[in-house]
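Let's take a friendly walk through a protein model. Have a look at the sequence and the structure, and then read on.

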Amino acid sequence: MEKTAIPRHIGVIMDGNGRWAAKRGMPRTFGHKAGAKAFRRLVENCLKRKIPYVTVYAFSTENWKRPQKEVDAIMNLLGEYLDEAFEHEEENKDICVKVLGDIAPFAPELKEKICKLEEQSKHRTGITVNIALNYGGRDELVHGIRSLIQKVNEGTLRAEEIDEEQVSQSLYTAGQPDPDLIIRPSGELRLSNFMIWQAAYSEFVFMDVLWPDFGEKELDEALRQYAMRNRRFGAVS
Ligand code: IPE
Ligand code: IPE
Ligand code: MG
């Protein structure tokens with residue numbers, strides 16, 4: 001089976017912001033701020049390494065259970081990133097941004113920022129940065145299934161025509177390759193509802209580093225581990 005050193009698509013579960021802040025005796029929001037910086041670094045480093053797609057898990061469908069103050073702080077950081085990416089067009093000229101998730105419950109200004117940046121950046125070819133926001137793998141499948149059923153009801157799709165490809169194309173990641181590599185820092189060993197369909201044959205790298213401390217060195221370590229894996233996809237190597 002073909003071995004490629006550089007993955008086409010990396011998924012990153014940006015976890016450990018709260019613990020990073022707690023270790024410093026600071027509020028959790030301080031950790032999210034540092035996490036946002038680590039996210040910007042990650043995008044730069046993926047671009048430098050010519051990785052075509054990176055998906056970051058920024059806010060899950062389950063994260064609404066957190067205190068309102070924390071949710072608000074995360075949304076504010078997001079708004080800041082979107083503003084900055086929109087305003088510094090030249091610096092971001094190689095970055096196509098796409099939000100994965102159900103943005104319906106977001107504040108109107110935030111939705112508008114998302115749409116503006118997606119529109120401005122959609123033809124950029126350096127790297128696609130998917131920001132998973134109010135994202136859950138199960139929720140994504142529910143949305144996808146509904147859209148397929150709607151097509152069946154409208155008569156544009158027959159139930160027998162629904163195959164794996166149709167399901168893939170009904171998801172937020174339609175048109176994109178599945179993640180080759182999923183990185184989870186913070187020491188947790190789970191997916192927490194991240195890309196459950198797309199991860200069928202992903203390679204996993206779990207790391208103890210907390211997300212705000214994740215930098216170039218940690219990315220290269222994950223890529224090094226990935227390059228050593230033998231991906232068989234069920235076949236014989
Ligand atoms: C990840 O860090 C950020 C989000 C889930 C939004 P956490 O906030 O989960 O940090 P820990 O896991 O509590 O350390
Ligand atoms: C996963 O982290 C979600 C994001 C990183 C956005 P969580 O911190 O929410 O996951 P659990 O609760 O530890 O599984
Ligand atoms: Mg966490």
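## The chain as a whole

Of the 237 residues in the protein chain, 47% are buried. Keep in mind while you explore that this is a predicted model. The protein chain exposes about 12600 Å², and carbon and sulfur atoms supply 52% of that area. Among contacts with a separation of 6 or more in the protein chain, 77% are between residues 24 or more positions apart.

You can count 7 helices and 6 strands in the protein chain. Following the sequence from one end to the other, the pattern reads β-α-α-β-α-β-α-β-α-α-β-β-α. The radius of gyration is 18 Å, close to the 18 Å that the globule rule gives for 237 residues, so the protein chain is as compact as a globular protein of that length. Along its principal axes, the C-alpha trace spans about 55 × 50 × 35 Å.

In which order do the 6 strands of the open sheet stand? The order is 3-4-2-1-5-6, and the pairing is parallel. Strand 3 and strand 6 (203-206) are found at the edges, where each has a single partner strand, so one side of each is left without a neighbour in the sheet. On average, neighbouring strands of this sheet are turned by 20 degrees against each other, direction ignored.

Strands of a sheet pair through backbone hydrogen bonds, and the pairing can be parallel or antiparallel.

Is strand 4 mostly covered or uncovered? Strand 4, residues 127-135, is mostly covered, with 9 of its 9 residues buried.

Strand 2 (residues 53-60) pairs with strand 4 in the parallel sense over 7 bridges. To find this pairing in the structure, look for Y57, whose bridge partner in strand 4 is A132.

Now turn to strand 1 (residues 9-13) and strand 5 (residues 181-184), which pair in the parallel sense over 3 bridges. G11 has I182 of strand 5 as its bridge partner.

Helix 3 (residues 68-87) packs on the sheet and touches strand 2, strand 3 and strand 4. The direction of helix 3 makes about 150 degrees with that of strand 2. Helix 7 (residues 216-227) packs on the sheet too, touching strand 1, strand 5 and strand 6. Between the directions of helix 7 and strand 5, the angle is about 135 degrees.

## Two residues to look up

H9 lies in strand 1. Why does H9 count as buried? The relative accessible area of H9 is 0%, and buried means under 20%. The side chains of H9 and T55 are joined by a polar contact of 2.7 Å. Leaving out residues up to four places away in sequence, H9 touches several residues, including Y53, V54, N130, D178 and M195.

For F233, look at the segment after helix 7. F233 has 41% relative accessibility and counts as partly exposed, because this class lies between the cut-offs of 20% for buried and 50% for exposed. F233 and S202 are 31 residues apart along the chain, and their C-alpha atoms are separated by 9.7 Å.

Terms used. Residues are numbered from 1 along each chain as its sequence is written. Chains are lettered from A and ligands numbered from 1 in the order in which they are written. This is a predicted model: local features need pLDDT of at least 70, side-chain atom pairs count only at pLDDT 80 or more; totals for chains, interfaces and linings use all residues. Side-chain values use heavy atoms; hydrogens and water are left out. Buried means under 20% relative accessible area, exposed over 50%, partly exposed in between (1.4 Å probe, protein chains only). Helices (H or I, at least four residues) and strands (E, at least two) are DSSP runs, numbered from the N terminus. Two strands pair if DSSP finds at least two bridges between them. Axes are lines fitted to C-alpha atoms, for helices over the stretch in contact, and angles run from 0 to 180 degrees between N-to-C directions. Contact means heavy atoms within 4.5 Å. The radius of gyration is taken over C-alpha atoms; the globule rule is 2.2 Å times the number of residues to the power 0.38. Accessible areas come from the Shrake-Rupley method with a 1.4 Å probe; for residues, only the protein chains shown count as cover. A polar contact is a pair of N or O atoms within 3.5 Å; within protein, one must be able to donate a hydrogen and the other to accept it, and residues adjacent in sequence count only if both atoms are side-chain atoms.
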